[in-house]
Amino acid sequence: MSRWGALLALALALTSQVALAQKASKPRVVVLDFEGDRRGALRTQVESGLKKGKQVELVPLKRYMSAAGKVGLKGAAARMPEGVAQVAPGLEVDAVVIATAGRTLNVQVLGADGSELWTKNVKLQRGKMSASEARRLVAGIATTAARPPPAVAPPPTEPAQPATPEPAPPPTATPTTPAPDATAAKPPATEPPPAETKPPATPPATPPAATGSTETPADSTAAKPPADPLEVPKSLDDESHTSTQPFDEYATRTELEAKDRHRHPPIVHLFLGGTTTWRTYCARPGVSSCGEFDSRPEENQVGDTIDFKSGVPYLGLTGQLEVLPLARSGKPWRGLGLVAGYQRGYSETRVKVTTETGETPTRSVVATDSVITGMLLYRYYFNMGTESHPRLGYAGFRGGMLSRAFEVDQQARAPLTGSHRLHPSAGLEFSVPLRHWLRLEGGGQFFIGPKAGQSLTADDGELELEVRDLGAEVSSSGWFAEVGLAGELWGPLGYSVRGRYTTVKDTFTGAGARFGWGEGGVASEQHIDIRWGLTASY
């Protein structure tokens, strides 16, 4: 029993020593954060595969980043080859895995000195690797960490030159056959020596074995070209396309150019589409609101009143152009720009006027609604995506001039004047990207003195009548608010849908020309606009 016990103890000791040797021989690998990897899903796949394979010893990412912070490296600087060369030797790391995720996963394995050991491009399916691709990638990383290619200079361009100074082989064929007479000794001088006794000055392109010659091992090794010291073993991945050269610069550049328009605001943004507008208008004498007048008993409702309502919504066209000439500068003032817009809609309108003698019949007339906008804007942009998949949002301010004109066909002889306003306006706006195809947008503006009877195109007589009919002077206030959705459809083309509510109140003082307006009154106008159409950005 003692003999078997001694043998068992010896076996256990040898097994533990082998296990310790294998553990000590495992290469140390750290997997850093992958650029563009949403929630670290791809990095988790790689790290889990390396743990299951048990071929390497994983160094925790927190330990690596802590060591990087001690030498003053943070963020992307710790993932650069220069940063790896500063951090990896202190942690005794043999290989560092970095990657960039896009449509494919571009993986790089760096040595402790920051040099590139191996690269691989892996196709992604819905942002993840397939199980087979993940196994191949993990096997390649483990093999590269265990047997890194030697970091030597590339082979010389003329590998055959060292073979040229070799001395010619000794003339063993001629003296080994003694000539019996003078006539027998002459043939060796006249006949050429056998081909195998005199090697060519330069090694043949094909191996000597293909020609059937019987050269010595020294000759055959000299004729073979040296092996590429940077060649990656095929056992890493027989089906993958690997290379020790940098990533495919052309493909990377193409992807960056495609994402460039997301990294910066567009210089030009054009919107073209349609508009649908509902408009209401009311005017009441001697009160501060239309509701106050309508709540009086009928016997106390004295004076001319005006009610207007769109029989059908105004339908028309609209367009808007935004220009940010400094958008690609990357400076704080890149959000400075200009915006200009135009909108024109048409509608069949019903008009009814109540006077002291009764109500006029309701008439259907054609009316037009025109809006002109010219403003300065400033936007502060922020990225709500990742560095490789940016999604820019903004919060901004705009201010300038706003003109809105409501006009009734004069040939219809309707007892209703138009409404013309030209005034400054200022307010805020925002855009929050939820997806590349979906953004929440909106804003609002306050009107500064939006008095009736102000226009660039209407004649002075018509403009003066808008005020004189209802009072001697007028003061006005108003605002609008809007909200909507926008996004990208294909490339630079997108869509935009917004709803806007506008309200303006006119307070008249003094005597007006209409009956009952001796002490002024009030008029109120509301618009509901829905704009819809396509966008194009550059």
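Author: A crossing of two helices is left-handed if the near helix is turned anticlockwise from the far one by less than a right angle, and right-handed if clockwise. The structure above is a predicted model, in which local features need pLDDT of at least 70 and side-chain atom pairs count only at pLDDT 80 or more, while totals for chains, interfaces and linings use all residues. Residues are numbered from 1 along each chain as its sequence is written, and side-chain values use heavy atoms, with hydrogens and water left out.

Reader: How many helices and strands are there in the chain?

Author: Helices (H or I, at least four residues) and strands (E, at least two) are DSSP runs, numbered from the N terminus. The chain has eleven helices and 17 strands.

Reader: At what angle do helix 3 and helix 4 pack, and is their crossing left-handed or right-handed?

Author: Axes are lines fitted to C-alpha atoms over the stretch in contact, and angles between N-to-C directions run from 0 to 180 degrees. For helix 3 (residues 61–70) and helix 4 (residues 81–91), the angle is about 115° and the axes lie 10 Å apart. Their crossing is right-handed. Helix 3 contributes Arg-63, Tyr-64, Ala-67 and Ala-68 to the contact (heavy atoms within 4.5 Å), and helix 4 contributes Gly-83, Val-84, Val-87 and Leu-91. Among the residues of this contact, six are nonpolar, one is polar and one is charged; Gly counts as polar and Arg as charged.

Reader: Does Arg-439 count as buried or exposed, and why?

Author: Buried means under 20% relative accessible area, exposed over 50%, and partly exposed in between (1.4 Å probe, protein chains only). Arg-439 counts as buried because its relative accessibility is 18%. Arg-439 belongs to strand 14 (residues 438–447). Beyond its neighbours within four places in sequence, Arg-439 touches several residues, among them Val-432, Leu-434, Gly-484 and Leu-485. In the chain as a whole, 36% of the 538 residues count as buried.

Reader: What is the phi of Lys-54, and what is that of Glu-92?

Author: Most residues other than glycine have a negative phi. Lys-54, although not a glycine, has a positive phi of about 55°. Glu-92, also not a glycine, has a positive phi of about 55°. Lys-54 sits in the loop between helix 2 (41–53) and strand 2 (57–58), and Glu-92 in the loop between helix 4 and strand 3 (95–101). Lys-54 counts as exposed because its relative accessibility is 61%. Glu-92 is likewise exposed, with a relative accessible area of 58%.
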